[in-house]
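Biologist: Please take a close look at one strand for me. I want to know how it sits among its neighbours.

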Amino acid sequence: MGLFASAFNKLKSALTRTREASTTTLRNLLLGQRLSPELITRIERLLIEADVGVKTAVELRKDVEAAYDRGEMETGDEAFAFLKDQLTAYFPQEDRELNLRDSGTTVILVAGVNGAGKTTSIAKLCHRLRDEGKTVVLGACDTFRAAAVDQLEIWSERLGVAVVKGQQGGDPAAVAFDAADAAQSRGADVLILDTAGRLHTQDPLMRQLSKIQDVVRKRIEGAPHEVLLVIDATTGQNGVNQARVFAESIGVTGIFLSKLDGTARGGIVIAIREQLGIPVKLIGTGETPEDVAPFEPAGFVEAMFAE
């Protein structure tokens, strides 16, 4: 119970800006009030400001409006509870766990655009896996930026994981090949491949990601077993557009939503689910490696609308 409360409080803290910008206003607007057409219209606007997506906000407003017109919903308290239930219901009972193999090395490829917080998210992923008793090898496939490799090496030393790197400007797929060999020879449980921060509009670089996938697939059966896309929560709907292009190019299996604590757009989680159908698997709730949590819909929505 204490562990659950601690995780919830961290998530609640991460969503502070979202609540301050929209959902606290929504709570104050509805609770203790009688519903009216004007009040229902304001619900839609506040949901859009939380970045749940225009389509979702419109649908929810229409649902509340219809129930109000039928006389089935008369108070703001009823509308508030309904909104929370419906937002939670947007997430089906799907597998949001990392797809880790029972034996052999699991390969996790991590992608994302420049500035999304990819390196820090990898550190958080390493920390989580190490806490679960997994041995981890990192593949520094971002050969274009020396700083990227340096950052990865710093994190690897702090977290006690090995890192495989190549020459600056070298072939990222060659680094992936060497990293796969190293992970297998060491009997590592997990190989995490860091890739260059790519703009989703750069076709040649997207093809490079596909090449990395092809290389590791030849070395390790079924690899990569996870393709995690790091999305900066502060980018809002643009993050959804990024995810769509990446999904079409490299088959994204899950989202790592970073910088949740730095945005008022926490509702992007709902927009990702509604528009793309890609599960959000992990969320970054702060700046340290410990600040990571699995995405759990009911807890997320509760934290989003909490007092």
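Modeller: Two strands pair if DSSP finds at least two bridges between them. Strands here are DSSP runs (E, at least two residues), helices are runs of H or I with at least four, and both are numbered from the N terminus. This is a predicted model, where local features need pLDDT of at least 70, side-chain atom pairs count only at pLDDT 80 or more, and totals for chains, interfaces and linings use all residues. Residues are numbered from 1 along each chain as its sequence is written, and side-chain values use heavy atoms, without hydrogens and water.

Take strand S2, residues 136-140. This strand is mostly covered, with five of its five residues buried (under 20% relative accessible area; exposed is over 50%, partly exposed in between; 1.4 Å probe, protein chains only). Val 136, Leu 138 and Ala 140 point one way. Val 137 and Gly 139 point the other way. Both sets are buried. In a regular strand, side chains alternate between the two faces of the sheet.

Now the neighbours. S2 runs parallel to strand S4 (residues 190-194), and five bridges join the two. Val 137 has Leu 191 of S4 as its bridge partner. S2 also runs parallel to strand S3 (residues 162-164), through three bridges. There, Gly 139 is partnered by Val 164. From S2 the chain crosses through helix H7 (residues 146-159) to S3, a right-handed β-α-β crossover. Right-handed means that, with the strands pointing away from the viewer, the path from the first strand over the helix to the second runs clockwise.
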